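Hi everyone, thanks for making time today.

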Amino acid sequence: MHLRTIAFRGAFFFEHSQIRHYLSNPQKLTYKHLYIYQECINFAPPNKLMTYVIQNNQTMSHRFSPLLLFLFAVTTSCTRHTAESDINLNSVDLFFAVADSVAQRQEVAEATWDSLAHSDGYVMAGWQKRKGLIRNALLIAFHPDSTKARNTLLQGQLSMSDPRFHTSLLVRNYVDMKQHWSELQDFRRDYDYASIQKQARQTLQQFLPNFVDSLLTFPNIGFICGDAECRSKRSGITLDINYFYKYPEEGIRVLTHEMFHTYRAHFEDHERFDSIPVLWVVNNLQNEGIADLIDKPLDYDPVIEYAKMGYPEQLAQMYLEAVAATSDKMARLDSLTLSWAHQQITKEEYFQQTSGLFPLGGHPNGRYITNLLVAHGLQDQLLAHFADPVTFLLLYNQVAARENLHVMSEGFILLMNSHSSQNSKY
Ligand SMILES: [Zn+2]
């Protein structure tokens, strides 16, 4: 049973097939699954690979290119091993090679597209089944005969519900890469990737009190050519090479944000979260809120930052609306949870009404709360209990009272503190 973390950075491209599995086996469905599912259907474009093929531009020549041989060579040569984890650039190198071929109108064999989609970084990102997406976007961006398709796709900003949205995101990024193609290749070759871990470790050491160095297991890091999202998966963290090239410091901070999650996992009381599943929701707010202190400055502006990543303003507005509604959302979580606990609403009603309450992976509301705690001088207490959602709620309540926000009820806090009682089971 594996569900992907749905930090906002991975929210768009969730595996719907897994969700479908749970929907067809409702007895296995838990609050967490529904919460995540709601996130996806609210904010994700359909997860079918885009069929936006450049149908009018299928005139590329079909002569054989020696690309496959080259690909064989690079797959065995470009992983940088370090003492603690791998920093893997296979996907980037394959992508560069394929893009060069496409730009020269050389045929790219099906097996090569397969190799690309199954290269390490894309596999880490969970994109191995997205060959069509990668191929379409690459062809639209790089093929000399794709100008018309490219212009059509990039004309204006597509809505996130548009089935071509994800393709357009990639194409926009690939076209941007073309603007500094040789500099990007130099960067890929010359950057000191081993320094990433050093910088991330230092950042976390300075950030967290009583930092236990030995618990910081560095994940594998895979660079891809995709969108600007940083994805944290079981197999490692993936990041777009072009984003990292343009914003290396932000890239390191984003990676540190993800590493914080893996570090924090050592301290999470999963047994307790399972017995009181709404704690999972509060835990997520705390987890993302604290992680965002690492990579999002206090003056973080989602409108600017999302635009930088190629996302539509629609998403930034969603973020801002969620932030503005934090108090209302906490009030709703409070009353719905108590209604369920008092058996005034059914489990299904409770799931339905609370799932999706904190959109975008909980980041906007989590970050709003942690920023508020910092502004009220509670950062030390927040970080001293960085994996304790109940303390997080108590700190929130202190500040909420001063800020005229909804204060979570005593009943809710009691429920959070109960442990494995019959009533707390969902
Ligand atoms: Zn996160």
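Let me start with a word we'll need: a residue counts as buried if 20 or more other C-beta atoms lie within 10 Å of its own. Please keep in mind that this is a predicted model. By that definition, buried residues make up 42% of the 426 residues in the protein. As for the overall layout, there are 23 helices and five strands. Among contacts between residues at least 6 apart in sequence, 72% join residues at least 24 apart.

Now to our helix, α7, which runs over residues 131–142. With its 12 residues, α7 reaches 16 Å from its first C-alpha to its last, close to the 16 Å expected at 1.5 Å a residue.

How many of the residues of α7 are buried? The count is 10 of 12, so α7 is mostly covered, given the cut-off I started with. Among the buried ones are Leu133, Leu138, Ile140 and Phe142, and also Arg135 and Asn136. And what covers them? The cover includes α4 (90–103), α5, α8 (147–154) and α9 (165–179).

Let's pick one of those neighbours, α5, residues 110–117. Its axis comes within 9 Å of the axis of α7, and the two cross at roughly 110 degrees. That makes α5 roughly perpendicular to α7. On the α5 side, the contact involves Trp113, Asp114, Leu116 and Ala117, and they meet Lys131, Ile134 and Arg135 in α7. By type, the residues of this contact divide into four nonpolar, three charged and no polar.

Conventions: Residues numbered from 1 in each chain as written. Predicted model: local features only at pLDDT ≥ 70, side-chain atom pairs only at ≥ 80, totals over all residues. Axes fitted to C-alpha atoms, helices over the stretch in contact; angles between N-to-C directions. Helix = DSSP H or I, 4+ residues; strand = E, 2+ residues; numbered from the N terminus. Parallel < 35°, antiparallel > 145°, perpendicular 65-115°, else oblique. Contact = placed C-beta atoms within 7 Å. Nonpolar A, V, L, I, M, F, W, Y, C, P; charged D, E, K, R; others polar. Expected span 1.5 Å × (residues − 1).
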